[in-house]
Amino acid sequence: MVDPASDGGADSTVEAVFDAVAATAPEIRAALPGRRVESGTENASGESVLAGDLYADELLGEAITAVDGVGSFVSEEREAAVDAGGGVGEGAYAVAIDPLDGSSNLRSNNAMGTVVGVYDAPLPATGRDLVAAGYVLYGPITTMVVADADGVREEVIAGDDGGVERSVVETDLRLPDDPLVYGFGGRVPDWPADFTDYAREIEDELKLRYGGAMVGDVNQVLTYGGIFAYPALVDAPDGKLRLSFEANPIAYIIERAGGTATDGEQHILDVEPEGVHDRVPLYVGNEELVERLQAALA
Ligand code: AFP
């Protein structure tokens with residue numbers, strides 16, 4: 001077992017952020033069975049929020065804002081940024097999270113997780129300002145994928161009230177050259193014709209793996225190679241996923257693993273947001289598959 005914090009090279013604040021995220025994971029996972037209900041509130045994106053979302057957001061907000069070197073905290077579940085001491089871009093970082101991505105999978109007991117982006121600029125910022133990104137995946141086991149200056153690694157997170165153990169199980173994660181899986185969100189009748197044509201091609205080549213939680217579906221692409229998309233829809237040209245909390249961190253991870261990501265026109269990491277809750281279409285995975293998609297949408 002390698003202690004990632006002694007993994008050399010990685011920025012100590014970044015390591016402290018992922019220590020804080022890992023430390024909350026067992027507690028969030030243990031609380032899920034009792035929090036499958038609607039909270040009765042909506043988030044800044046107008047989506048109904050489960051009790052699990054709020055609990056995860058609260059725990060993660062507390063843990064992340066307590067990290068020295070974090071100047072600001074933004075969450076998909078909160079309207080505005082939380083000031084954690086300022087100085088973002090002058091040595092401090094802004095951390096953006098989706099506390100429980102795929103929380104609608106709670107009722108059906110399917111995968112979900114937490115997405116984290118560490119930005120070296122005040123938000124809203126482009127993905128090029130990311131210095132690290134990662135996600136916790138609550139699957140049969142709890143894992144955390146972390147991408148930073150040293151590359152992409154996978155850790156197993158284990159623990160209880162006595163403490164949390166992070167064990168690096170894969171280093172230098174890379175997308176396999178021969179892609180195997182695809183997962184496309186949204187309803188098929190809502191897909192624009194050019195995306196539908198592309199999907200028909202891909203259906204002939206790859207295996208469908210779509211679980212309704214981006215972190216689980218992207219983790220399949222990272223493991224087996226392929227493409228994940230939540231496309232622009234006929235009645236929602238910006239798609240569903242949020243740039244700051246979902247698309248940018250995932251694009252950063254997959255790019256560092258040898259893949260790429262686009263909003264259909266440009267690289268996701270180059271998209272200039274107006275607000276922290278901006279949505280973008282997201283197409284991410286093996287370079288050849290994403291480039292074919294961009295040509296299909298051109
Ligand atoms: P929830 O967090 O509300 O479950 O939404 C999950 C998500 O944002 C993303 O993780 C999925 O890829 C996408 O929505 C699934 O959306 P559909 O339910 O429309 O397929």
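The protein contains six helices and 15 strands. Its radius of gyration is 18 Å, close to the 19 Å that the globule rule gives for 298 residues, so the protein is as compact as a globular protein of that length. The model is predicted. Taken along the principal axes, the box filled by the C-alpha atoms is roughly 50 × 45 × 40 Å.

Burial and contacts come next. Of the 298 residues, 55% are buried, with buried meaning under 20% relative accessible area. When contacts between residues at least 6 apart in sequence are considered, 62% of them join residues at least 24 apart.

The surface can be described by its area and its atoms. As for charge, the protein carries 18 positive and 55 negative side chains. The centres of these two sets lie 7 Å apart.

Among the strands, five form an open sheet with mixed pairing, in the order S12-S11-S13-S15-S14. Its edges are strand S12 (207-208) and strand S14 (260-262), each of which pairs on one side only. Strands of a sheet pair through backbone hydrogen bonds, and the pairing is either parallel or antiparallel. Within this sheet, strand S11 (residues 181-184) and strand S13 (residues 226-230) run parallel and are joined by four bridges.

Technical notes
Residues numbered from 1 in each chain as written. Predicted model: local features only at pLDDT ≥ 70, side-chain atom pairs only at ≥ 80, totals over all residues. Heavy atoms only, no water. Helix = DSSP H or I, 4+ residues; strand = E, 2+ residues; numbered from the N terminus. Rg over C-alpha atoms; globule rule 2.2 N^0.38 Å. Buried < 20%, exposed > 50% of the residue type's maximum accessible area, 1.4 Å probe, protein only. Contact = heavy atoms within 4.5 Å. Lys, Arg positive; Asp, Glu negative; His and termini not counted. Charge placed at Lys NZ, Arg CZ, Asp CG, Glu CD. Pairing = 2+ DSSP bridges.
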